[in-house]
Amino acid sequence: MSSLLDPLDCQCSDEHIYKIASLDFNLIVVAKRLIGPKLAKDIFDKVELSDQEKRDEVFETWLKVKGPNATYKELVNLFETLKCAETANAVRMLVVSNAQSDGNE
């Protein structure tokens with residue numbers, strides 16, 4: 001049995017949440033599931049924010065609320081549940097490319 005932590009079980013990095021926020025998915029559905037309907041509504045009601053700023057804020061809020069439980073695995077599972085296979089794979093690729101670059105240092 002391996003004692004190594006699965007990279008998907010790691011907390012999402014600040015750098016990666018902005019890349020993930022830019023991917024193609026239904027933000028309203030994802031936001032409600034990640035941070036709850038109340039927090040999601042609070043963000044969507046901010047008319048001064050652009051669509052991308054709202055996307056960024058959803059993931060920033062998720063990271064703050066969930067802390068170390070805001071993992072790549074949680075995102076992959078959510079995107080797979082929502083039938084967003086391409087987005088789930090994009091999240092996996094971020095983790096894989098990050099793990100490979102860490103191993104080359």
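User: What makes leucine 94 and serine 97 a polar contact?

Analyst: The backbone oxygen of leucine 94 lies 3.0 Å from a polar atom of the serine 97 side chain. A polar contact is a pair of N or O atoms within 3.5 Å; within protein, one must be able to donate a hydrogen and the other to accept it, and residues adjacent in sequence count only if both atoms are side-chain atoms. At 3.0 Å, the pair is therefore within the cut-off. The model is predicted: local features need pLDDT of at least 70, side-chain atom pairs need pLDDT 80 or more, and totals for chains, interfaces and linings use all residues. Residues are numbered from 1 along each chain as its sequence is written, and side-chain values use heavy atoms, without hydrogens and water.

User: Why is serine 97 called partly exposed?

Analyst: Its relative accessible area is 38%. Buried means under 20%, exposed means over 50%, and partly exposed is in between, with a 1.4 Å probe and protein chains only. So serine 97 is partly exposed. Serine 97 lies in helix H6.

User: What is the secondary structure of the protein chain?

Analyst: It comes to 6 helices and 0 strands. From the N terminus on, the order is α-α-α-α-α-α. Helices (H or I, at least four residues) and strands (E, at least two) are DSSP runs, numbered from the N terminus.

User: Which residues touch the most other members of the largest nonpolar core?

Analyst: They are Ile20, Leu34, Phe59, Trp62, Leu75 and Phe79, in a core of 28 residues. Two or more residues come from each of H1 (14-21), H2 (27-35), H3 (37-44), H4 (51-66), H5 (72-81) and H6 (85-103). A nonpolar core is a set of buried Ala, Val, Leu, Ile, Met, Phe, Trp, Tyr and Cys residues joined through side-chain atoms within 4.5 Å.

User: Which residues does leucine 75 touch?

Analyst: Leaving out residues up to four places away in sequence, leucine 75 touches Cys12, Ile20, Leu34, Phe59, Trp62 and Val91. Contact means heavy atoms within 4.5 Å.

User: Why does threonine 71 count as buried?

Analyst: Its relative accessibility is 11%, so it counts as buried. Threonine 71 is in the loop between H4 and H5. Its side chain reaches the backbone nitrogen of glutamate 74 at 3.1 Å. Beyond four places in sequence, threonine 71 is in contact with Leu8, Asp9, Cys10, Gln11, Cys12 and Trp62.

User: At what angle do H3 and H4 pack?

Analyst: The angle is about 145°, and the axes are 10 Å apart. Axes are lines fitted to C-alpha atoms, for helices over the stretch in contact, and angles run from 0 to 180 degrees between N-to-C directions. On the H3 side, Leu39, Ile43 and Phe44 meet Lys54, Glu57, Val58, Thr61 and Val65 in H4.

User: Why is alanine 40 called buried?

Analyst: Its relative accessibility is 1%, so alanine 40 counts as buried. Alanine 40 is in helix H3. It touches Ala31, Lys32 and Ile35, not counting residues up to four places away in sequence. The C-alpha atoms of alanine 40 and glutamate 57 are separated by 9.4 Å.

User: Is glutamate 57 buried or exposed, and why?

Analyst: Glutamate 57 is buried, because its relative accessible area is 18%. It is in helix H4. Leaving out residues up to four places away, glutamate 57 touches Ile43, Lys46 and Leu49.

User: Why is phenylalanine 44 called partly exposed?

Analyst: Its relative accessible area is 23%, so phenylalanine 44 is partly exposed. Phenylalanine 44 is in helix H3. It touches Leu27, Ile28, Ala31 and Lys54, not counting residues up to four places away in sequence.
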